Amino acid sequence: MISFSVMAVVFGVVFLAELPDKTALAGLVLGTRYRASYVFAGVAAAFALHVALAVAAGSVLTLLPQQIVQALTGVLFLGGAAVLLMKKDEGEEEVRKPANQSFWKVSGTGFMLILVAEFGDLTQIMTANLAARYDDPLSVGLGAVLALWAVAGLGIVGGKALMKRVPLRLITKVAALLMLGLGVWSLFEAVTG
C-alpha cells in the first residue's frame with residue numbers, strides 16, 4: 001500500500017535538493033537544443049534507474065537495528081545539508097550535440113548524461129536514506145522519481161523562466177534547511193529510541 005504522506009515528504013525533499021543540481025542545468029541545456037519530449041524520455045529513464053538502485057540500497061539498510069539506521073540517516077542528512085550550504089554556483093554543463101535529432105540519439109544522450117552525472121549524487125544518497133528511514137520502498141521510490149521527473153520537466157521546458165523568478169541560492173537554502181531538519185529529527189529519534 002502506498003503512503004501518500006511518505007510520498008509527499010520524499011517528493012518535497014528530493015525536489016528541492018535536485019533543483020540547484022548540475023543535472024537540472026544539463027536538462028535545461030539539452031531542452032534548449034533538442035526536442036523536449038525526446039530529452040525527457042532519456043532523462044526520465046535514467047532517473048528511474050537511479051531511484052531503483054537507491055531504494056534497493058536503502059532497503060538493505062533496514063536490516064540493521066533501527067537506532068543505528070536513524071543515527072546513520074541523521075548524520076547523512078546533516079552531511080547533505082552541509083554540502084548544499086557550502087556548494088558554489090555551477091555554470092552550464094557542456095553537452096555534445098548528436099549528429100542527428102532522432103529519438104534514440106537525443107534520448108540516449110539525455111540518458112547517458114544523467115546516468116553518469118547522477119551516480120552517487122546527493123539526491124540518490126538521500127533517496128537511499130529515506131528508503132531506510134521509512135521502510136516503505138514503493139512510496140519512497142514513487143516520491144523520489146516523481147520529484148526528479150518534475151525537476152527534469154521544469155529544467156527542460158521552463159528552466160530559464162524559473163531561474164529568473166526564483167533565485168537558485170534560495171532554493172538551495174530551503175533544501176538544506178529541510179535536510180537539516182530531517183537530520184536533527186533522525187538523530188533525536190536515535191538517541192531517544
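Modeller: Before we start, one definition: a helix crossing is right-handed if the near helix is turned clockwise from the far one by less than a right angle, and left-handed if anticlockwise. Keep in mind that this is a predicted model.

Biologist: Fine. What is the handedness of the crossing of H3 and H5?

Modeller: That crossing is right-handed, so the near helix is turned clockwise from the far one. The two axes come within 7 Å and cross at roughly 35°. Among the residues making the contact are Tyr 38, Gly 42 and Phe 47 of H3, and Phe 103, Gly 110 and Ile 114 of H5.

Biologist: How do you know that the reach of H3 is close to the expected value?

Modeller: H3 covers residues 36–61, which is 26 residues.

Biologist: Why is the Phe 103 and Trp 104 pair called edge-to-face?

Modeller: A search of the whole structure finds four aromatic pairs. In this one the centres are 4.9 Å apart and the planes make 80°.

Biologist: Is Trp 104 buried or exposed, and what makes it so?

Modeller: Trp 104 has a relative accessible area of 69%. Exposed means over 50%, so Trp 104 is exposed. Phe 103, at 29%, is partly exposed.

Biologist: And what makes the pair of Trp 185 and Phe 188 count as tilted?

Modeller: Their planes are 35° apart, with 5.8 Å from centre to centre. Stacked needs under 30 degrees and edge-to-face over 60, so this pair falls among the rest, the tilted ones. Both residues lie in helix H8, three residues apart, about one turn of the helix. Trp 185 is partly exposed at 44%, and so is Phe 188 at 47%.

Biologist: How do you know that Arg 133 lies over the face of Tyr 134?

Modeller: Arg 133 is at 5.5 Å from the ring centre. The distance limit is 6 Å, so that part of the test is passed.

Biologist: What makes Asp 135 stand out?

Modeller: Asp 135 has a positive phi of about 50° although it is not a glycine. It sits in the loop between helix H6 and helix H7. At 53% relative accessible area, Asp 135 is exposed.

Terms used. Residues numbered from 1 in each chain as written. Predicted model: local features only at pLDDT ≥ 70, side-chain atom pairs only at ≥ 80, totals over all residues. Heavy atoms only, no water. Helix = DSSP H or I, 4+ residues; strand = E, 2+ residues; numbered from the N terminus. Expected span 1.5 Å × (residues − 1). Phe/Tyr/Trp six-rings, centres within 6.5 Å; stacked < 30°, edge-to-face > 60°. Buried < 20%, exposed > 50% of the residue type's maximum accessible area, 1.4 Å probe, protein only. Lys NZ or Arg CZ within 6 Å of the ring centre and 35° of its normal. Axes fitted to C-alpha atoms, helices over the stretch in contact; angles between N-to-C directions. Contact = heavy atoms within 4.5 Å.
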